[in-house]
Amino acid sequence: MKYIYTIFLLLFTSLLFSQDMDDRIERVKALRVAYISDRLNLTPEEAQKFWPVFNQFDDRQFELQRQKRQLLHKLKPANTGNLSEKESAQLMADDERIETELQNNRKQLVKNLQGIIPNQKILMLRQIEVEFKQKLLNQIKNRRERRFGK
């Protein structure tokens, strides 16, 4: 009977953690939307057309980056020692393919945004994304320092 309670507790804890993680992701996305909208100074008309295009780009980037993380896991030194030449060549080809798809996805975003927002705003977008990520990482770092002391 204890065994069943232990399994239930583990499942419940992992479920709570995943819900907490989903909530965090949604909060970060909401903050990102607000930050980009504010920094790009999007009009309501621009925002209405911009966000579906950007979200499609972002979803594709997320999927490609997930694939990249999986690939990087396979490329850890502990994992690569057992690979054949053929497997190594395939992993290198996969890495190159993913990198190309990431770049092509960004190029497609630029094409899709032309006519929706001015080119100046398209140019600003990449820097604004980098700024947001840096602010987010700084907040995480500061939170950890406060929690664990430095």
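The model is predicted.

**Stop 1: helix α2.** Select residues 44-74, which make up α2. At 1.5 Å a residue, the 31 residues of α2 should span 45 Å.

Now zoom in on Phe 50. Here α2 bends by about 30°. Then pick out Pro 52, a proline that follows the bend within four residues.

**Stop 2: α2 against α4.** Angles over 145 degrees count as roughly antiparallel, so α2 and α4 are roughly antiparallel to each other. Colour the contact by residue type: eleven residues are nonpolar, five polar and nine charged.

**Stop 3: the largest pocket.** The largest pocket holds about 1,300 Å³ of space. Select Arg 24, Ile 25, Val 28, Leu 136 and Ile 140; of the 28 lining residues, these are the closest to the pocket's centre.

Which elements give two or more residues to this lining? They are α1 (2-40), α2 and α5 (119-148). Show α5 next: its twelve residues are the largest share of the lining. Finally, colour the lining by type to see 14 charged, eleven nonpolar and three polar residues.

Conventions
Residues are numbered from 1 along each chain as its sequence is written. This is a predicted model: local features need pLDDT of at least 70, side-chain atom pairs count only at pLDDT 80 or more; totals for chains, interfaces and linings use all residues. Side-chain values use heavy atoms; hydrogens and water are left out. Axes are lines fitted to C-alpha atoms, for helices over the stretch in contact, and angles run from 0 to 180 degrees between N-to-C directions. Angles under 35 degrees count as roughly parallel, over 145 as roughly antiparallel, 65 to 115 as roughly perpendicular and the rest as oblique. Ala, Val, Leu, Ile, Met, Phe, Trp, Tyr, Cys and Pro count as nonpolar, Asp, Glu, Lys and Arg as charged, and the others, Gly among them, as polar. On a 1 Å grid over the protein atoms alone, a cavity is a set of points where a 1.4 Å probe fits but cannot get out, and a pocket is an open set with protein on both sides within 12 Å along at least five of seven lines; lining residues have an atom within 4 Å of a point. Grid points are joined across faces, edges and corners, and a volume is the space filled by probe spheres set on the points. The expected span of a helix is 1.5 Å times one less than its number of residues. The bend at a residue is the angle between axes fitted to the seven residues ending there and the seven starting there.
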